[in-house]
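Biologist: I am new to this structure and would like to learn how to read it, one feature at a time. Could you take me through it slowly?

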Amino acid sequence: MDPECSQLLPALCAVLADPRQPMADDTCLEKLLDWFKTITEAGSSLLLLQENPCLVELLCHVLKPQDLSSRVLSFSLRLTGVFAAQEDCFQYLQQGELLPRLFGEAGPLGGAAWTAPTVRSGWIQGLRSLAQHPSALHFLADCGAVDTIFSLQGDSSLFVASAAGQLLVHILSLSMRGPAEGPPGLQADDWPACAQKIVGHIEESLRSTAAPQITQALNVLTTTFGHCHDPWTQVLWVQLHPLVAALLEKDPVPAAHSLVDLLLSVARSPGLSSSSCGLWETLAQTLSHLSPTQAGLLALGILKLQDCPQALRAQAFAVLLQPLACVLKATAQGPGPSGLLDSTSADSVTADILLPSKAACVGLLCRTLAHLELLLPLPQRPCPWPQAPLLGAAVTLLQLCGGSGSPASDEGRQLCTLLLGCVRVQRAALDFLGTLSQETGPPELVTQVFAVLLEYLRSPDSSPTVLKKAFQATFRWLLSSPRTPGCSDLDSHALLFLRELLPVLQKRLCSPCWEVRDSGLEFLTQMTRRWGGQAGFRHALLASEVPRLTEQLLRDPESYVRASAVTAMGQLSSQGLCVPPASPEHPGGQQSLLGELLHILSTDSEGFPRRAVMQVFTQWLRDSHADVVGDTEQFVAGVLQVAGQDLDWEVRAQGLELALVFLEQTLGPPRSHCPYAVTPPVAAPASPLTQALQPLCRVRLFEFAFRALFDCDRPVAQKSCDLLLLLRAKMASSSSLQEPRSSPDVASVEAALQRWRAGDQAQPLGDLEPEVVLAVLRSMDLEGLRGALAESSDHVEKSPQSLLQDMLATVGILGENEADCY
Amino acid sequence: MPEIRVTPLGAGQDVGRSCILVSIAGKNVMLDCGMHMGFNDDRRFPDFSYITRSGRLTDFLDCVIISHFHLDHCGALPYFSEMVGYDGPIYMTHPTQAICPILLEDYRKIAVDKKGEANFFTSQMIKDCMKKVVAVHLHQTVQVDDELEIKAYYAGHVLGAAMFQIKVGSESVVYTGDYNMTPDRHLGAAWIDRCRPNLLITESTYATTIRDSKRCRERDFLKKVHEAVERGGKVLIPVFALGRAQELCILLETFWERMNLKAPIYFSTGLTEKANHYYKLFITWTNQKIRKTFVQRNMFEFKHIKAFDRAFADNPGPMVVFATPGMLHAGQSLQIFRKWAGNEKNMGTVGHKILSGQRKLEMEGRQVLEVKMQVEYMSFSAHADAKGIMQLVGQVEPEGVLLVHGEAKKMEFLKQKIEQELRVSCYMPANGETVTLPTSPSIPVGISLGLLKREMAQGLLPDAKKPRLLHGTLIMKDSNFRLVSSEQALKELGLAEHQLRFTCRVHLHDPRKEQETALRVYSHLKRWAPRSFWLGLGRSGARGGSHCASRQRPQGPLRAAPSRWVRDCGVHPHPGCCPLRGPRHQGAAGVLDLPG
C-alpha cells in the first residue's frame, strides 16, 4: 500500500465505523474490497493489518451494538474473509477472537442485522474467502457454520441461496483435499467429519419429500462434479447414485431440471468412469421418465458427450426428434413413414403435449429447434444426420405458421390453428433452416426451402424480426447452392430464384419500417460482396430497381438506414453495379456517388452514416477504386479535411485509417513479420524519403495527423501516434536519413504543436516541407506519448487514492445532494 | 395455487440498475434491463444467470419491457439480447426506441474506446438489438401472445417514459418505471387508469422526501446563473444530451427573454438539432402547453440558445454553456471545465469529484487542476416524491405494492406509510429476493342452456346474492371451460356410456337370517360410509379433438342405487365413470360455485 493511501485509511475507517455517515453509493465499498483483494494477493495480509491497525479497529468496531449500515457490516465480513485467507493472518485474527465474534453465533448471525440479505451474503462470501486452509475447516466446524450454511441454501434471496450451495461445495472440496500428510482415504467412512456431515446432509435432502430440498442437494452435487475431478468424487457418486436413481421412481420426477444438470455434470466429469457407476442406465431411464419438454435438454447433453453408448445416443436423438416427427406425422399428406422416426416410435406423449395447448406446443417446438440447431455443427452429431426429413419439418413448420400449410388430418389442422402467425416458432424455424444450409438436401426439398423463404419475404404479415431472419436464412441457402465443388458462383436454380427475390427486396427497401429497410440493405451488401463479380447476378441486379432504390435510401430519415445504404452503395460501386441509367439528371453516375458520399460526410447530422462513408472511402482507396485512382491526392486531401472537422471521434479515427492506407501506398507497406506472407507489388520509393513524403505533405496528411495526436479523444490520439511512429520507423530504415537540423520553420511548427497540445488548435500549420516534418518527427517523444495514451482515460479516477479521497470527500454532504438519477 | 412472483435482479433496495423479473399466470416478463454505471466490469450488468437455471432465456421469458431511455433502465439491453442471447420481443414506447440507441452508443464509445474495456457491445449489436424492439403507443393494448397483454401509460419522467400494465386473464401487475406526478415545463404529469392490479411495482427514489416547490428550485437556479453572468463569469452546465437538459433550456430561454439578457447561451453542437428533432417528432409526448402552442411557436426552437463551437470557449465575457456528458468524465463538458475551472468568477454544475468537494483534481498526464470556480449542485430530476407515490397508489388502487429503485431505509418508511394509511400490503425485496403473492383468478365457465333450464325446472330461480351449487360435467377445450349436463357431454363428444362396477366379496359370519343381515349391513354402511364414498368424483379430460368426459350422476348424498349395491354386495362408488385412458386425463370436478 502506498504511503498516501496509508495516510488516508484511518480517516476512512473512522467514517465507515460511524453509523451517522452514510456511504455515497454502493459501488465504492465494492471497489474498496477489490483494492484490498489486490493488495493481499500481492503481499502479506498480516503485515497489512499490523501496519494499518485501523483496519482491525474497524472490524472490532462493527461488532458493537449500534445502528450500523448493513452494507458496511457486510463489507466488514467480506474484508475479514479476504484477510483471513492467509493462514498466519487467520491465526492473528483468531487470537483476538475476532473471527468467532464475526462469524459465530455471537456475531451478526444472531442479531437483527441478519434479516438483511446483504449481511447474509457478506457472511457467506467472507467464509468463502477465508476457507483456504485446514485451520479454517476447524474454525468452521467449531463455530457451527456448516449448519448455518445448510439452512442458507433455502434462503429467500436467490443470491444468498446460490452462494451457500457453492460454499458447501468449496468446503467439501477443501476438506477432501486433506491435511499436509495426504488426502483422506477413498472409503467414505474414512472421510473427514466435515465432509461426512455435508454428504450426510445431501443424502438426507435427497431422501426428502420436499422438492426444494432435493433441488438444493442436486445443485450442490452438480457443482461438485463440475468442479472437482479427484478420485473421491467417484466414491461420492457410487454412494449417492441409488438415492439419485430413486428420484426417477417418483411421479412426477422431482426437480427434473436439476436432476438433468446433475446427470450431465457427472457424465462430463473426467474423474468418473461412467460405465462402472451405472450412469448410462440412469441416463437412459431418465430419458424415458421425463416428459418431452424436460428431456430435450438431457438428450442434447447426451449427444454432446464425447463417448457414450450408441444405444443411449440413439435414444437421446429419438427424444430430440420426436416433436418434429409428430409434426411431420400430423401433416403428412398420405400414409407412410415421415422419415424422421418410424411411426411406431413417435411417442404419443409428445403429441399430447403438442396439441392441447398453444403455449406448450410453441415452447416444445422452439426448444427442439434450438437444440437441433446447436447439435448440427458439432462433430459428434448423430450420423447419419436426417437432413431431408429435418428440412421437411422446418419447411412444414414455416408453412403452418405462415398459413400456407394444408394438412389433411385433424391433428394437422389443429396444429395449424395453434401455430398460425406464431412469431416465436417462425423465428426458431428460420434460424434452424438457416443452419440446415450447412448440409445439402434433395433438390425438390431445396426448391421448397426457397419457396417458403420467398413466401416469408413476400408476406405482409412477416414481422421485422422474422424478415431479418428470413433474409439471413436466404443468404445462407444461396451460399450453399453451388453444385460445382470449389465454385462460388450461383447455379441456374439460384439465379432463377434471384429473379424472383429481387422484386421482393425492392418492395422491402420501400418498407415503412426502418428495421426492414435496413435488413434489406444488409442483405444486399452481403449478396453483392459475394456475387458482385458474377455475370448472372450482375445482370439480374442491374435489371432491377434495387440499385436505384438503394441510392435513394442515402437520404432516408433513419440514420441506421442511411449508414447501411452508404455501405451498400459503396459495395455496389466497387463492383461497378451502381451506374444509373444515362439521363440528363445523372450525368456521370459514379462521380455523383462520390460527391453524394462527400456531402453525407460533411453534412449528415448523425455519426453512423459519416462513419460508413469513411469506411467506404478507405476501402475504395485500398481497392484502387476508379474514382479514387483518377486523382488520389485530391480525394485524400478532401476527405481528410472534412474528417478532421468531424465531431464524432470515430470518423476522425477512420480518417487516420485512410491516411495510413495512403501512406502505405505512397511509401510501401510495413515489413511483414511473416516470412511466408505474400506482399503485393508496390512502387517502392526509389527516390529519397523527402521526395516520397511530398504527396503526403500535399494532401496535408501531417497537419491532420498532428492535430489528431492532441485530440481530446484518446483512441484518435493513439491511432495518430501509431501512424507517426510507423513513419519514423520508415525514416530510420531509409537510406536517405539525414542529420537532424533545426530551422526557423521547424521551431515555428514545434511552437504551434505546443499550443495545440495546450488545447489551442485554432492556428493551422500551413504548408509543411518534408524536411520540416522529418525534423519535427525526430524531435517528438512519440514513445512517451504512446505510453501515456495506453492508460485509460479514467486511470487517475480509478486509482485507490482517488477512491479513498472520493469516499472521504462525501462525508457530510450527502444530505444536501439527494440521490439524483439524472 | 396461482401466484405472482417478483424478483428484482437490480433496483431491489437500491438505485443502481433496474431489472425486475415478474412471473404472472405462467408468463415471465423482465421489466427493464439496466446498467450500473459505477462499475467497469461484469458487475455493471445484472446477473442474468439467475433468470432460469436451465434452458434458453428466449424460451423462458415471454418479453422484456423497457420503461424509458435512461441507461440504468436500458443500458444492459444490447448485452442481454446480443451477447447473452435473448432473442424474444422487447417492448418500449416510440420515443424510447428512437432515443435509446443514441445514449447506448454514447456510452459504448466511452466504455470501449476511451476506457479500453473489452467484452462490451458494439454499434452493430446496438442496432441489431433495436431491431428486436416492438414500439408501442400510449394506451394501446398490445397482445404479446394469446394470453399476455401489455398497455403503456404516461409516466412524465423523461420524453417517452411509460408505466406498463401487464395482464394475463384477470391477473395484472403495473410497473411504474420512473415517474413524475407533477407536470414540468415540457412534460406532463404521470397518469394511469384506476386499473386495480394485483400488484403495483413502483419506484421509490424519493420515498421519504416531500420536495420543495419546483418554483423555488428554479428561482434558485436562475438566480445563481444570473449572478455568475452579471459578474462576467462563464457558466458550465454539464447535462445529458436528452432529458432534463431541455427543461433547463426552456427555463433559461424564458428567463433570458423576460430579463432581456444578452449573454450568449450555447448548447453542444449537433445535440440541439438532435434533441429538437425528437421533441418535434414526439410532440404528443410533451405537456399540453407545448402541444397547444406548437403551431404558433415551437418551444424547442430557442431564440437565445445557439449551437456551440469549441472555439467559443475562449471568447471573453460571460456565457452559459450546456455541454455533454453530464458527469464531466469526457468530451466537451470536460474540455470546457478544464479551461474554466481556474477562474473563480465561473460557475459549473459538475460531476462526482468536484461535487464531493475536491478542489484539486489530477487530470490525465499528471496535471493538477485547481478548481477555483464556484460549484453548485441542483437537482432537477423528475421523480415522484413521497406524496406523489402515495397519490399514485391511491389512484391505481392495487391489492399490493412493491417498492423498487430506492434506498432500503427510505423504502421502510414509505412501506409503513402505505400499509398504515392505505391499508395495502407493501413489499420491498432486496435484489435476488422473491416476493410471492397468491392470487385467486376467476375462471369464466360457460354453462349450457340445457343445464340451466334443468336447474330452473327444479324451482331454483337465480338469486344474485346467493352463490349456489350447480352440478354438471366440466369440459375443457382450447383453454375454454364449459359446464354441460353429463348426457350432453357424452353426446357432444360422441362417447358411449360405460359403467364400471367394482365388486368385492366379503364373507360375513352372522347367525341371523340372510335378509336381516343384508339390511343391517346396508344400514351400517349408510350411516358410516363417508360422503365422498358416494360422491367419488370422476376423472375426466379432454385430449385433442376427442374428448372424454366423466359420466357423473347428479348426486345428492346417497342417490346411488343402494338396492343394486346391496344385491351385488359390492362397492359401487361411481356409477357411470368412463374408463380412464392414462395419466394424461386431467381431473375436473363437476361441481362449482355459481353466483345466483
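This is a predicted model: local features need pLDDT of at least 70, side-chain atom pairs count only at pLDDT 80 or more; totals for chains, interfaces and linings use all residues.

Biologist: How many helices and strands does chain A have?

Modeller: Helices (H or I, at least four residues) and strands (E, at least two) are DSSP runs, numbered from the N terminus. Chain A has 43 helices and zero strands.

Biologist: What share of chain A is buried?

Modeller: A residue is called buried under 20% relative accessible area, exposed over 50% and partly exposed in between, using a 1.4 Å probe and protein chains only. Of the 822 residues in chain A, 55% are buried. A contact means heavy atoms within 4.5 Å, and among the contacts in chain A with a separation of 6 or more, 71% join residues 24 or more positions apart.

Biologist: How far apart are the ends of helix 25 of chain A?

Modeller: The expected span of a helix is 1.5 Å times one less than its number of residues. Helix 25 of chain A (residues 464–479) has 16 residues and should therefore span 22 Å, and its end C-alpha atoms are 23 Å apart, which agrees. Helix 21 of chain A also has 16 residues, and it reaches 22 Å from its first C-alpha to its last, close to the 22 Å expected. Helix 21 of chain A is followed by Gly403(A), whose phi is positive, near 90°.

Biologist: Why is helix 25 of chain A described as largely enclosed?

Modeller: Twelve of its 16 residues are buried, so helix 25 of chain A is largely enclosed by the rest of the structure. The buried residues include Phe471(A), Phe475(A), Trp477(A) and Leu478(A), and also Lys468(A) and Lys469(A). What covers them includes helix 21 (387–402) and helix 27 (514–531) of chain A, together with helix 5 (123–131) of chain B. Helix 21 of chain A is itself mostly covered, with 13 of its 16 residues buried.

Biologist: How many aromatic pairs are there over all chains?

Modeller: Rings of Phe, Tyr and Trp (its six-membered ring) pair if their centres lie within 6.5 Å; planes under 30 degrees apart count as stacked, over 60 as edge-to-face and the rest as tilted. A search of the whole structure finds 30 such pairs. The rings of Phe617(A) and Trp620(A) have centres 5.8 Å apart and planes at 50°, so this pair is tilted. These two residues lie three apart in helix 32 (residues 607–622) of chain A, and are therefore separated by about one helical turn. Phe617(A) is buried, with a relative accessible area of 0%, and Trp620(A) is buried at 1%. Phe308(B) and Phe312(B) form an edge-to-face pair, 6.0 Å centre to centre with 85° between the planes. Phe308(B) is buried at 2%, whereas Phe312(B) is partly exposed at 26%.

Biologist: Which residues have the most contacts inside the largest nonpolar core?

Modeller: A nonpolar core is a set of buried Ala, Val, Leu, Ile, Met, Phe, Trp, Tyr and Cys residues joined through side-chain atoms within 4.5 Å. The largest has 420 residues, and those with the most contacts inside it are Trp123(A), Leu206(A), Met527(A), Phe702(A), Phe706(A) and Ile201(B). Its largest share, twelve residues, comes from helix 18 (residues 310–331) of chain A. Leaving aside neighbours within four places in sequence, Met527(A) is in contact with residues including Phe475(A) and Leu478(A).

Biologist: Where does Asp314(B) lie?

Modeller: Asp314(B) is in the loop between strand 14 (305–308) and strand 15 (319–323) of chain B, and is partly exposed, with a relative accessible area of 47%. Asp314(B) and Lys339(B) are 25 residues apart in sequence and 8.0 Å apart in space, C-alpha to C-alpha.

Methods:
Residues are numbered from 1 along each chain as its sequence is written. Chains are lettered from A and ligands numbered from 1 in the order in which they are written. Side-chain values use heavy atoms; hydrogens and water are left out.
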